[in-house]
Amino acid sequence: MFFEDHLNEELKDPEFKKLYEEESRLLRLGYEISKAREKKGITQKELAEKSQITQQQLSKIENGVNCNLLTFIRVSSALGLNLKVTS
């Protein structure tokens with residue numbers, strides 16, 4: 001419970017909350033890409049080659065490390081996924 005209490009306290013700070021939510025989105029995107037790749041039964045190396053990026057870049061994406069939008073588009077397209085922006 002200590003972690004949750006601490007997190008809830010930190011989330012009261014608007015700047016912290018904003019950064020926390022951004023990181024959460026990156027992690028969620030990375031997780032979804034990883035799930036889609038595994039569902040198709042392909043390796044990181046295979047998807048990276050198909051996406052015209054390095055395996056290291058793909059690994060970072062799957063681990064929630066920030067990347068540019070073009071890289072997300074390449075990976076999503078290679079997986080047959082569509083990126084959707086909503087408000």
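At 63% relative accessibility, Gln52 counts as exposed, where buried means under 20% relative accessible area, exposed over 50% and partly exposed in between, computed with a 1.4 Å probe on protein chains only. Before we go on, a word on the model: it is predicted, so local features need pLDDT of at least 70 and side-chain atom pairs count only at pLDDT 80 or more, while totals for chains, interfaces and linings use all residues. Residues are numbered from 1 along each chain as its sequence is written, and side-chain values use heavy atoms, with hydrogens and water left out.

Let's stay with Gln52 for a moment. This residue sits in the loop between H3 and H4; helices here are DSSP runs of H or I with at least four residues, numbered from the N terminus. Most residues other than glycine have a negative phi. Gln52, however, has a phi near 60°, a positive value in a residue other than glycine.

Gln44 counts as buried, at 18% relative accessibility. Leaving aside neighbours within four places in sequence, Gln44 is in contact (heavy atoms within 4.5 Å) with Arg37, Gln55, Leu58, Ser59 and Glu62.

Side chains of opposite charge can pair when their charged atoms come close. The working criterion for a salt bridge is a side-chain nitrogen of Lys or Arg within 4 Å of a carboxyl oxygen of Asp or Glu, and a search of the whole structure finds 4 of them. Glu62 and Arg37 meet in one, at 2.6 Å from N to O. Since Glu62 lies in helix H4 (residues 55–62) and Arg37 in helix H2, this pair ties together parts that are 25 residues apart in sequence. Both Glu62 and Arg37 are buried, with Arg37 at a relative accessible area of 10%. Arg37 also forms a salt bridge with Glu38, their closest N and O atoms being 3.9 Å apart; Glu38 is exposed, at 52%. Together, Arg37, Glu38 and Glu62 are linked in a network of salt bridges.

Another salt bridge joins the side chains of Glu32 and Lys35, at 3.7 Å from N to O. These two are 3 residues apart in helix H2, so about one helical turn separates them. Glu32 is partly exposed at 40% relative accessible area, and Lys35 is partly exposed at 39%.

Helix H2 has a packing partner too. Two packed helices are described by the angle between their axes and the distance between the axes. H2 (residues 14–40) and H5 (residues 69–79) pack at an angle of about 30°, with axes 10 Å apart. The axes are lines fitted to C-alpha atoms, for helices over the stretch in contact, and angles run from 0 to 180 degrees between N-to-C directions. H2 and H5 are therefore roughly parallel to each other, the term covering angles under 35 degrees. On the H2 side, the contact is made by Leu26, Leu29, Ile33, Ala36, Arg37 and Lys40, and on the H5 side by Phe72, Val75 and Leu79.

Finally, look towards the start of the chain. Glu4 lies in helix H1, residues 2–10, and counts as partly exposed at 46% relative accessibility. Its C-alpha atom is separated by 37 Å from that of Gly80, 76 residues apart along the chain.

How values were computed
Angles under 35 degrees count as roughly parallel, over 145 as roughly antiparallel, 65 to 115 as roughly perpendicular and the rest as oblique.
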